[in-house]
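The sequence and the model come before the description.

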Amino acid sequence: MDNLTFGVTMVVVGMGGTLLTLWVLSILMNVLKNIFPYKREKEEGKSMA
Amino acid sequence: MFEAIVSGLNGLVSGFINLHWSNPVMIVVGCVLLYLGIKKDFEPLLLVPIGFGAILVNIPLTGLMEEEGFLKIIYDAGIATELFPLLIFIGIGAMTDFGPLLENPKIFLLGAAGQFGIFLTLILALALGFSKMDSVAIGIIGACDGPTAIYVTSKYAPHLLGAVSVAAYSYMSLVPVIQPPIMKLLTTKEEKMINMGVVKRSVSKTTKILFPLVVTVVGGLIAPRGLPLLGTIMLGNLMKECGVVSRLTKASENEIANIVTLLLGISIGATMDGRVFLKPQTLIVLALGFLAICLDTACGVLFGKVLKVLTGGKVNPLIGAAGISAYPMSARVVQREGQKYNPKNYLLMHAMGANTGGQVGSVMAAAVMLSVLKGMGVI
């Protein structure tokens with residue numbers, strides 16, 4: 001594989017893959033936040049305990 | 001008897017006789033690293049052992065890096081096996097609070113943008129004639145993440161380990177000097193003044209516990225070759241967030257991290273033998289590493305401008321600069337720069353979110369990179 005093909009593949013798939021993975025993770029985190037919402041009294045009660 | 005005395009004296013001067021011109025130069029380099037660590041407080045935990053290791057290995061005939069030399073034993077045990085960076089990652093995970101990132105998950109994207117420099121530098125290194133794996137190792141300096149850089153370089157370009165490690169840790173400590181001019185250049189006064197408001201506490205404990213598990217499983221499935229990196233940082237974070245293994249968490253962030261940092265530093269310093277290190281190639285590696293971090297910062301800020309447009313002006317582009325992995329220095333730089341233009345602006349927690357996103361981003365970028373290399377059959 002020549003260097004140009006290697007470099008372009010790394011940028012497109014590597015950077016694209018990183019961006020896509022983190023985007024998917026950000027969506028999953030939003031989903032988690034909606035499924036397990038923060039409840040002030042409950043959370044603070046736990047930390048007090 | 002005279003011959004015996006001459007032979008004995010010869011033993012005492014053999015160190016001087018075998019001194020290569022590059023050895024004194026590297027001893028000076030070691031002293032400079034010590035100076036930066038001790039006097040200037042630039043990453044002292046790493047630069048002090050690295051500097052001293054560089055001095056040790058440049059004294060001839062010591063055999064420290066030959067078979068059964070103590071530095072060689074440490075190197076083989078922890079660097080060649082990649083164990084040290086992974087153990088440090090458990091400590092980093094245990095020390096990091098991903099809360100600010102979870103408050104606003106879209107900031108994750110800034111952590112991705114902050115990794116562009118890795119890939120752009122990789123292309124530049126290829127254009128300058130470096131081999132594919134050397135270019136990968138040089139590009140990874142842009143991760144701004146010492147353990148990641150060491151993990152990748154020790155595996156695929158061990159001859160560059162000294163230069164890459166010194167570049168990664170030195171530039172990380174120089175973030176407060178490197179980033180502000182780029183941030184100033186790429187943003188308008190109005191953008192710098194954008195107030196992002198107060199970060200509200202809105203993440204439940206369950207979400208914080210599930211975060212490391214989700215990242216490990218999803219990230220591991222997408223980029224299995226990088227799972228050791230991802231898995232160890234997330235293990236440390238799970239231990240911190242679950243709150244039931246505080247002894248393990250404390251050991252990870254204190255005793256284990258401290259011991260491994262010492263051994264890691266001294267064995268990296270031991271790779272800086274003048275005969276191997278002092279080459280024009282090393283200077284090019286250092287220059288490319290610097291460029292990588294500048295590109296990361298620029299791409300992060302530019303992506304911050306994109307987010308500003310997409311959110312109708314709610315995002316201050318300065319926080320994009322914190323999308324690199326230099327935690328928490330980069331976030332502090334953003335806070336300081338923001339307050340120069342708007343003293344009532346508190347960007348710190350937003351920048352901390354981007355900064356922790358950058359930590360995950362740098363590890364993810366390395367993981368993706370390794371998996372793409374495996375997919376292409378390069379490794």
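Two residues are in contact if their C-beta atoms, placed from the backbone, lie within 7 Å. By that rule, 35 residues of chain B are in contact with 30 residues of chain A. Helices here are DSSP runs of H or I with at least four residues, strands are runs of E with at least two, and both are numbered from the N terminus. The elements of chain B that give two or more residues to the side touching chain A are listed in the table.

| Element of chain B | Residues |
|---|---|
| α7 | 108–113 |
| α8 | 116–127 |
| α14 | 205–222 |
| α20 | 348–376 |

With ten residues, α14(B) gives the most to this side of chain B.

The model is predicted: local features need pLDDT of at least 70, side-chain atom pairs count only at pLDDT 80 or more, and totals for chains, interfaces and linings use all residues. Residues are numbered from 1 along each chain as its sequence is written, while chains are lettered from A and ligands numbered from 1 in the order in which they are written.

Chain B has 20 helices and zero strands. Its C-alpha atoms fill a box of roughly 90 × 45 × 45 Å, taken along the principal axes. A residue is buried if 20 or more other C-beta atoms, placed from the backbone, lie within 10 Å of its own. Of the 379 residues of chain B, 55% count as buried.

In helix α3(B), the buried residues include B:L46, B:I50 and B:V57. The buried residues of α3(B) pack against α2, α4, α10, α11 and α16 of chain B.

Key: A residue is buried if 20 or more other C-beta atoms lie within 10 Å of its own, exposed if 12 or fewer, and partly exposed in between; C-beta atoms are placed from the backbone.
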